[in-house]
Amino acid sequence: MPSSDTHDAVGLTDLIRGVVKMAPHATSMARHAPGLIRRPPEAKRTIGSIFQKHASAHPDRPFIRFEGRSMTYGEANRRVNRYAAVLADRGVGRGDVVGILAKNSPTELMLMLATVKLGAVAGMLNYNQRGNVIEHSMKLLDATVLVHDPDCAEAFESIPSSVLPDHVFDYAAFDAAAEGRSERNPDVTETLPASTKAFYIFTSGTTGLPKASVMSHNRWLASLSGIGGLAVRLRHSDTMYVPLPLYHNNALSVALASVLASGACIAIGRQFSASRFWDEVILNRATAFCYIGELCRYLLAQPEKPTDRQHAVKVIIGNGMRPEIWDRFAERFGIERIVEFYGASELNLAFVNAFSVDRTAGFCPLPYKIVEYDEHGEPRRDAEGRLTEVGKGGTGLLIAEISERVPLDGYTDAEATEKKIVRDAFKAGDAYFNSGDLVRDQGFSHIAFVDRLGDTFRWKGENVATTEVEAALDSFGAIEQSVVYGVAVPGTDGRAGMGAITLREGTDLDLGELAAHLYSVLPAYAVPLFLRVVDHLEQTSTFKNRKVELREEGYEKTGDDPVYVLAGRGEGYVDFYDGYVDHVANAKAPKG
């Protein structure tokens with residue numbers, strides 16, 4: 001159910017306009033284009049080698065800016081090398097893991113760089129995890145060293161001592177150990193092949209225990225060339241502001257790769273704040289920033305103020321910018337280019353809006369297919385056991401081809417990786433990675449993201465995309481924010497729509513007007529049958545709503561929260577009443 005606000009199709013005119021915008025960057029783009037087409041895994045090129053080359057060539061350029069204070073490439077590289085010497089003394093070498101439990105700061109970034117310079121893997125722990133969840137993450141890492149930020153004391157203290165490595169440092173102890181250590185680049189850095197593992201990035205943990213996806217230097221280099229060099233196109237005088245956690249791939253791969261593609265500056269935000277966002281951007285002299293879609297919604301929800309336009313930001317990079325807010329965001333904040341991209345920590349390709357087309361997740365030159373899927377969200381196989389591609393403009397499940405040219409890093413858990421691989425898809429012996437995402441083919445190798453298949457529910461024989469319903473709810477004046485999910489109704493097939501909503505302060509919810517609004521912007525089958533008014537919506541630190549708990553609570557375990565049900569097109573929403581579920585099962589509700 002793609003939004004009518006998305007770019008229906010990408011045409012030749014769109015591409016020509018995009019090429020014109022690229023023209024001033026032609027020289028730098030030509031330098032990066034080969035890295036997208038060919039990245040030999042044996043090439044001696046890694047994050048660490050690229051960083052230290054910038055430090056050698058331009059030691060006085062600013063590399064990190066934090067709360068208005070700058071550190072040059074030369075200063076940062078010397079400290080990174082001191083950190084690497086401490087890690088090496090504790091036995092860290094190629095293939096070993098260094099656990100990093102930290103909130104955003106220059107120290108966290110430099111610890112990561114020190115780790116990858118040694119050929120070790122930076123295990124970027126999510127500081128929101130506690131108890132058995134962070135214990136599970138530590139077991140997955142099997143780290144040689146753990147360095148923790150004092151601001152993450154609650155998370156650290158919840159880790160059982162039995163899963164801690166022999167070498168554990170807080171920041172103060174690590175800095176003390178680094179005093180007076182060698183500032184020379186480690187000899188090993190220039191010998192490391194691009195196939196070396198760089199990071200473990202944990203999934204967001206919205207359900208179950210987290211998985212650690214593997215990011216190799218080679219795949220990071222694809223971000224440097226494809227996203228940084230060809231799409232974001234920073235100049236060395238630019239500054240990229242990063243308000244997202246550094247354990248998130250948007251920050252560590254996309255934003256950092258964009259910075260190192262040109263030797264620009266990365267400004268690290270300690271923590272995202274919608275009310276202080278533009279003040280931080282101005283303080284750090286940022287000309288670009290990275291985003292998650294929900295972050296942009298929060299900024300739009302803020303009262304208008306002079307700082308909305310008193311900044312120097314012209315380009316932003318991220319994913320999840322919804323079509324219905326795209327133009328409004330660009331116009332209000334004066335953004336010239338929105339470089340939306342589509343990707344996932346575990347996926348072996350990415351789409352990026354290199355041609356500056358409005359309301360698209362972008363372009364990908366690598367091999368992929370968009371295929372039909374079944375009611376379980378799995379690729380649908382025909383009588384011969386093969387998959388079927390959707391037609392041009394169609395919506396389907398995105399799968400990415402796995403080959404020597406486009407290898408799959410996957411998860412640390414081989415079994416979990418294998419579950420996501422679709423084999424013998426179109427011919428015997430081929431292999432594709434199942435993204436789990438619904439996308440729409442826009443033509444010219446562009447797609448529009450529709451939804452996570454796990455968040456798509458089927459009702460009245462139709463697939464309903466939760467993001468579409470959320471956009472409709474969020475556009476109603478009294479609603480601050482919404483989360484939509486499918487709930488089981490006994491006696492029916494599929495799942496009925498249910499929305500948890502928060503209300504704007506000082507507003508009253510007119511149930512009749514809300515129903516009329518939803519019927520006006522959604523197909524009848526997509527209008528949610530249940531609405532639950534909640535005080536707030538719990539989220540992960542990367543702004544992903546915790547739909548799983550809400551889905552499990554359904555319309556019965558709602559505590560004191562008001563619940564309304566859809567009586568019909570004429571009656572609108574009414575208070576939940578005994579017998580409503582039976583009326584739905586018997587097709588007596590909703591009416592019309």
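Me: Where does Asp 424 sit?
Reply: Asp 424 is in the loop between strand S18 (421-423) and strand S19 (431-443). Bear in mind that this is a predicted model.

Me: Why is Asp 424 called partly exposed?
Reply: Its relative accessible area is 32%. Buried means under 20% and exposed means over 50%, so Asp 424 falls in between and counts as partly exposed.

Me: What is phi of Asp 424?
Reply: Near 55°, a positive value in a residue other than glycine. Most residues other than glycine have a negative phi.

Me: And Phe 444, what is its phi and where is it?
Reply: Phi of Phe 444 is near 50°, also positive in a residue other than glycine. Phe 444 lies in the loop between S19 and strand S20 (446-452).

Me: What makes Phe 444 buried, exposed or partly exposed?
Reply: Phe 444 has 43% relative accessibility. With the cut-offs at 20% and 50%, that makes Phe 444 partly exposed.

Me: Why are H4 and H8 called roughly perpendicular?
Reply: The axes of helix H4 (residues 73-89) and helix H8 (residues 171-178) cross at roughly 95° and come within 9 Å. Angles of 65 to 115 degrees count as roughly perpendicular, so H4 gets that label relative to H8.

Me: Which residues make that contact?
Reply: Arg 82, Tyr 83, Val 86 and Leu 87 from H4, with Phe 174, Asp 175, Ala 177 and Ala 178 from H8. By class, that's 6 nonpolar, no polar and 2 charged residues.

Notes. Residues numbered from 1 in each chain as written. Predicted model: local features only at pLDDT ≥ 70, side-chain atom pairs only at ≥ 80, totals over all residues. Heavy atoms only, no water. Axes fitted to C-alpha atoms, helices over the stretch in contact; angles between N-to-C directions. Helix = DSSP H or I, 4+ residues; strand = E, 2+ residues; numbered from the N terminus. Parallel < 35°, antiparallel > 145°, perpendicular 65-115°, else oblique. Contact = heavy atoms within 4.5 Å. Nonpolar A, V, L, I, M, F, W, Y, C, P; charged D, E, K, R; others polar. Buried < 20%, exposed > 50% of the residue type's maximum accessible area, 1.4 Å probe, protein only.
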